[in-house]
Amino acid sequence: MPRPTARVLTLLELLQSGGLRTVAELADRLGVDERTVRRYVEHLVDLDVPVESVRGRYGGYRLASGYRMPPLMLSDDEALAVLLGLVAGRRSGLTTATNTAGETAAAKIRRVLPQRLGGRLDAVLGSIAFTAPEGEPAAPDATVLLTIADAVRHHRPVSIRYTARDGRHSERTLHPYGLVAHSGRWYVTGTDPAIEENRTFRLDRIASARTLPGSFDSPEGIDPAELVLKGLATAAYRYEVTLRIRGTAEQIRTRLPASVALIEESDWSRVELRVERLDWLPGVLALLDLPFVIERPDELRGLVAALADRLKNSALR
């Protein structure tokens with residue numbers, strides 16, 4: 001028969017699963033009477049676990065927001081999910097603050113795991129192989145992330161201190177529409193009210209964020225992810241490339257995703273992109289295997305012709 005301490009911890013685990021639990025339900029799950037359930041709740045309250053009592057016909061108990069995190073109960077599957085999430089976040093570059101935070105969180109979870117479960121998790125984590133390279137250390141500050149997320153939710157303007165790609169520092173106001181995780185980085189998109197234009201900012205380049213008084217109305221049907229991809233595709237780079245490709249947007253997107261190119265679909269789809277280098281484009285166009293016309297720049301024509309010559313020479317050897 002489980003000892004009272006084990007039942008108290010089981011009660012905590014049930015409450016942590018979320019929602020309101022009736023006394024009768026808890027008594028049935030714990031195998032005790034309702035009076036004993038109330039006594040177990042008192043034990044949790046004595047431990048500073050914020051248990052909230054809800055009165056009425058459909059009343060019961062639930063966890064309230066407390067001033068500190070209560071002891072956390074995880075099942076085997078939940079522990080594995082948390083640790084795999086930490087590993088995946090670190091590998092993809094989508095951790096917040098520093099990698100140290102993720103490592104210490106994982107260490108705390110592993111330290112309290114039973115030896116049996118710890119061995120099984122080590123076997124899983126030790127056998128994982130990743131096909132993609134580890135993400136760059138471009139994690140945003142956790143305070144910046146939380147401040148902007150709150151501003152998005154409540155439609156509040158924020159003041160941000162930002163460092164651009166060229167090293168220039170600025171302070172500006174933003175009406176944020178949403179946060180987007182893309183290719184190992186966090187982005188925020190919204191309107192800059194000073195110029196009344198949509199802007200996209202990398203969170204790891206934001207030194208600080210401060211919520212401002214007032215509120216704003218988000219446009220109907222806004223898609224933050226689409227805005228971020230469009231912002232990346234139209235960013236100021238060295239070359240502006242315009243192509244006509246005989247193919248559908250779906251075919252072209254297999255090699256030129258939305259974060260790279262803008263596509264206006266037709267029989268000969270118009271494709272626009274901005275790039276810092278041109279040397280990779282001839283290979284991409286060859287992989288598309290679709291008829292195309294280069295409208296600009298002229299330098300790209302020479303690179304495509306040179307690749308065609310190399311391929312021809314290799315085929316005739």
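1. Thr242 lies in strand β8 (residues 239-245), where strands (E, at least two residues) and helices (H or I, at least four) are DSSP runs numbered from the N terminus. This is a predicted model, in which local features need pLDDT of at least 70 and side-chain atom pairs count only at pLDDT 80 or more, while totals for chains, interfaces and linings use all residues. Residues are numbered from 1 along each chain as its sequence is written, and side-chain values use heavy atoms, with hydrogens and water left out.

2. Thr242 counts as buried because its relative accessibility is 1%; buried means under 20% relative accessible area, exposed over 50%, and partly exposed in between, with a 1.4 Å probe and protein chains only. Not counting residues up to four places away in sequence, Thr242 touches Arg270, Val271, Glu272, Val293, Ile294, Glu295 and Arg296, contact being taken as heavy atoms within 4.5 Å. With Arg296 there is also a polar contact of 2.9 Å between the side chains. A polar contact is a pair of N or O atoms within 3.5 Å; within protein, one must be able to donate a hydrogen and the other to accept it, and residues adjacent in sequence count only if both atoms are side-chain atoms.

3. Strand β8 belongs to an open sheet of four strands, ordered β9-β10-β8-β11 with antiparallel pairing, two strands being paired if DSSP finds at least two bridges between them. At the edges stand β9 (261-264) and β11 (292-296), each of which pairs on one side only. Neighbouring strands of this sheet are turned against each other by 20 degrees on average, direction ignored; axes here are lines fitted to C-alpha atoms, for helices over the stretch in contact, and angles run from 0 to 180 degrees between N-to-C directions.

4. The antiparallel pairing of β8 with β11 extends over four bridges, and Arg244 stands opposite Val293 in β11. Helix α10 (residues 281-288) lies across β8, β10 (269-275) and β11, and runs at about 15 degrees to β8.

5. A second open sheet has five strands in the order β6-β5-β4-β3-β7, again with antiparallel pairing. Its edge strands are β6 (197-202) and β7 (206-211), each pairing on one side only, and its neighbouring strands are turned by 45 degrees against each other on average, direction ignored.

6. Within this sheet, β3 (residues 158-163) and β4 (residues 169-182) run antiparallel and are joined by six bridges, with Arg161 standing opposite Glu171 in β4. Helix α7 (residues 142-154) packs on the sheet, where it touches β3, β4, β5 (185-192) and β7, and its direction makes about 40 degrees with that of β7. Helix α8 (residues 224-233) also packs on the sheet, touching β4, β5 and β6, with its direction at about 120 degrees to that of β4.

7. How many residues of β5 are buried? Eight of the eight are, so the strand is largely enclosed by the rest of the structure. On one pairing, β4 and β5 run antiparallel and are joined by seven bridges, and Val180 has Tyr187 in β5 as its bridge partner. On the other, six bridges join β5 to β6, which also run antiparallel; here Tyr187 stands opposite Arg202 and Thr191 stands opposite Asn198.

8. In that of β4 and β5, with two residues between the strands, Ser183 takes a positive phi near 50 degrees, and in that of β5 and β6, with four residues between the strands, Glu196 takes a positive phi near 55 degrees.

9. Turning to the helices, the axes of α2 (residues 23-30) and α3 (residues 34-46) come within 9 Å and cross at roughly 95 degrees, which makes α2 roughly perpendicular to α3; angles of 65 to 115 degrees count as roughly perpendicular, under 35 as roughly parallel, over 145 as roughly antiparallel, and the rest as oblique. Val23, Ala24, Leu26, Ala27 and Leu30 in α2 meet Glu34, Val37, Arg38 and Tyr40 in α3.

10. Ala106 is found in helix α5 (residues 99-111) and counts as buried at 14% relative accessibility. Leaving aside neighbours within four places in sequence, Ala106 is in contact with Leu83 and Leu86.
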